[in-house]
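Thanks, everyone, for making the time. I would like to walk through a few side chains in this model, so please have the sequence and the structure in view as I go.

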Amino acid sequence: TLPLYTHTVVHMPRGVRRVRDAQNEVARAVQVYGFRRFLLSLESGLPSEVSWALNALLVASCDTVDPHSAGPIGTTFRLDSLVSVQRNPPLLRALLPLAIPPADGEAMPGEGSARELAMLHHRQAWLLLRNMALLPENEQPMAHSLALRRLVLWQLQSALQAHDADEPLRLEDI
């Protein structure tokens, strides 16, 4: 007979196996490099490094393991601890600049894909902030972050101004 884990993985739906594989990759990266690698990648500004870090942190923020288990195979930690503001205070500071949308303007030839990548990083940063806010241990530190509150208010104001520019707000819309 197959070991329990192998039997379970063989019978998992393909999408669940992909998520589990991604979680195991992130867990291996943490074991090899530690959290500092994620932080340095976010702060580097290099598109490939930022993409790697955002993707890995999004996977970590969606940790789907049983809350009573340790984490992915061969680990003694839960992946969502990577996105804990209490355990990793510099993460919020590194993530906030990515949540600011890239400036509008004329794109030079060859800059279109760079702008699209910057917009993808912007969306991923907001998804990660949302997932982080859903962790109970992040609730208080994120609520007390003045920089995050300013960013959220600025984003809401920008969205309202963009909406008002398209069509005036009507009472029925409220």
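Leu-153 sits in helix H8, which covers residues 146-166, and, this being a predicted model, please take what I say about this residue as computed. With a relative accessibility of 57%, Leu-153 counts as exposed, and together with Val-152 and Leu-156 it makes a nonpolar surface patch of about 270 Å².

Turning to charged pairs, how many salt bridges does a search of the whole structure find? The search finds three, and I will take them in turn.

In one of them, the side chains of Arg-37 and Glu-49 meet with an N to O distance of 3.3 Å. Because Arg-37 belongs to helix H3 (residues 35-44) and Glu-49 to helix H4 (residues 47-61), this pair ties together parts that are twelve residues apart in sequence. Arg-37 is partly exposed at 22% relative accessibility, and Glu-49 is likewise partly exposed, at 25%.

Helix H3 also holds Glu-43, whose partner Arg-93 lies in helix H5 (residues 90-95), so that distant parts of the chain, 50 residues apart, are linked; the closest N and O atoms of this salt bridge are 3.7 Å apart. Here Arg-93 counts as exposed at 55%, whereas Glu-43, at 42%, counts as partly exposed.

Finally, Glu-137 and Arg-87 meet in a salt bridge at 3.6 Å, N to O. This pair links the loop between helix H6 (112-133) and helix H7 (139-143), where Glu-137 lies, with the loop between H4 and H5, where Arg-87 lies, 50 residues apart. Glu-137 is partly exposed at 28%, while Arg-87 is exposed at 53%.

Note on methods
Residues are numbered from 1 along each chain as its sequence is written. This is a predicted model: local features need pLDDT of at least 70, side-chain atom pairs count only at pLDDT 80 or more; totals for chains, interfaces and linings use all residues. Side-chain values use heavy atoms; hydrogens and water are left out. Patches are made of residues with over 30% relative accessible area and no salt bridge: like charges are joined within 9 Å, nonpolar side chains (Val, Leu, Ile, Met, Phe, Trp, Tyr) within 5 Å. Accessible areas come from the Shrake-Rupley method with a 1.4 Å probe; for residues, only the protein chains shown count as cover. A salt bridge is a side-chain nitrogen of Lys or Arg within 4 Å of a carboxyl oxygen of Asp or Glu. Helices (H or I, at least four residues) and strands (E, at least two) are DSSP runs, numbered from the N terminus. Buried means under 20% relative accessible area, exposed over 50%, partly exposed in between (1.4 Å probe, protein chains only).
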